[in-house]
Amino acid sequence: MPPQINYPEILLTVAGEQIFVQIEEIMYLEAKGSYTDIYLADGQKCRISKKLKLALKILNADYFVRIHHSYALNLKYLAGFCNGDSASVKLKDGSQLPLSRSRKTDFLSFFKRL
């Protein structure tokens, strides 16, 4: 029998209800003032009452990279990026998120060019 893999989970409080979410299912996070919207792979959106910076501290930094003042993404869902005047990243579901000039170098440092 193969060993069971236990992916890390996080307990989110959403609208007074507590739900468990596997961290790997989080596609990206978006800052909304004192709140953070968490977008899941199944299309669900959860709003938590924590700022993006604090939410990222709670999550594993190995999974996520900050790409903009208002956005952080899970590298598992990255499909590509557009390098130009208005740089952006494309997710596997077709979503596009802005890639800020100030975070572009850090973002690119995660990858080796061939």
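Two strands count as paired if DSSP finds at least two bridges between them. Strands themselves are DSSP runs of E with at least two residues, helices are runs of H or I with at least four, and both are numbered from the N terminus. The model is predicted, so local features need pLDDT of at least 70 and side-chain atom pairs count only at pLDDT 80 or more, while totals for chains, interfaces and linings use all residues. Residues are numbered from 1 along each chain as its sequence is written, and side-chain values use heavy atoms, with hydrogens and water left out.

Confidence was examined through pLDDT, the predictor's score for each residue, from 0 to 100. The protein chain averages 86. A score of at least 70 is reached by 89% of the residues. S3 has the highest confidence, at a mean of 96, and S1 the lowest, at 83. Where pLDDT is low, the predicted coordinates should not be read in detail.

S6 pairs with strand S7 (residues 71–74) over four bridges, in the antiparallel sense. Val 65 stands opposite Leu 73 in S7.

A second open sheet has three strands, in the order S8-S9-S10, again with antiparallel pairing. Strand S8 (78–82) and strand S10 (96–98) each have a single partner strand, so one side of each is left without a neighbour in the sheet. The twist from one strand to the next averages 25 degrees. Four bridges join S8 to strand S9 (residues 88–91). A hairpin of five residues connects S8 to S9. Leu 78 has Leu 91 of S9 as its bridge partner, and Gly 80 has Lys 90.

S1 also pairs with strand S2 (residues 17–22), antiparallel and over six bridges. Here Leu 11 stands opposite Phe 20 in S2. The hairpin of S1 and S2 has two residues between the strands. Ala 15 in this hairpin takes a positive phi near 50 degrees.

Aromatic contacts were also counted. Rings of Phe, Tyr and Trp (its six-membered ring) pair if their centres lie within 6.5 Å; planes under 30 degrees apart are stacked, over 60 edge-to-face, and the rest tilted. The count comes to three aromatic pairs. One of them, Tyr 28 with Tyr 39, is stacked, at 4.3 Å centre to centre and 15 degrees between the planes. Tyr 28 lies in strand S3 and Tyr 39 in strand S4 (residues 35–40), eleven residues apart.

The largest pocket holds about 170 Å³ of space. A pocket is an open set of points on a 1 Å grid over the protein atoms alone, where a 1.4 Å probe fits, with protein on both sides within 12 Å along at least five of seven lines; lining residues have an atom within 4 Å of a point. Grid points are joined across faces, edges and corners, and the volume is the space filled by probe spheres set on them. Thirteen residues line this pocket, and Leu 11, Leu 12, Ile 48, Lys 50 and Ile 58 are the closest to its centre. Strand S1 (9–14), strand S3 (26–32) and helix H1 (52–58) each give two or more lining residues. S1 gives the most, with four.

Definitions and conventions. Axes fitted to C-alpha atoms, helices over the stretch in contact; angles between N-to-C directions.
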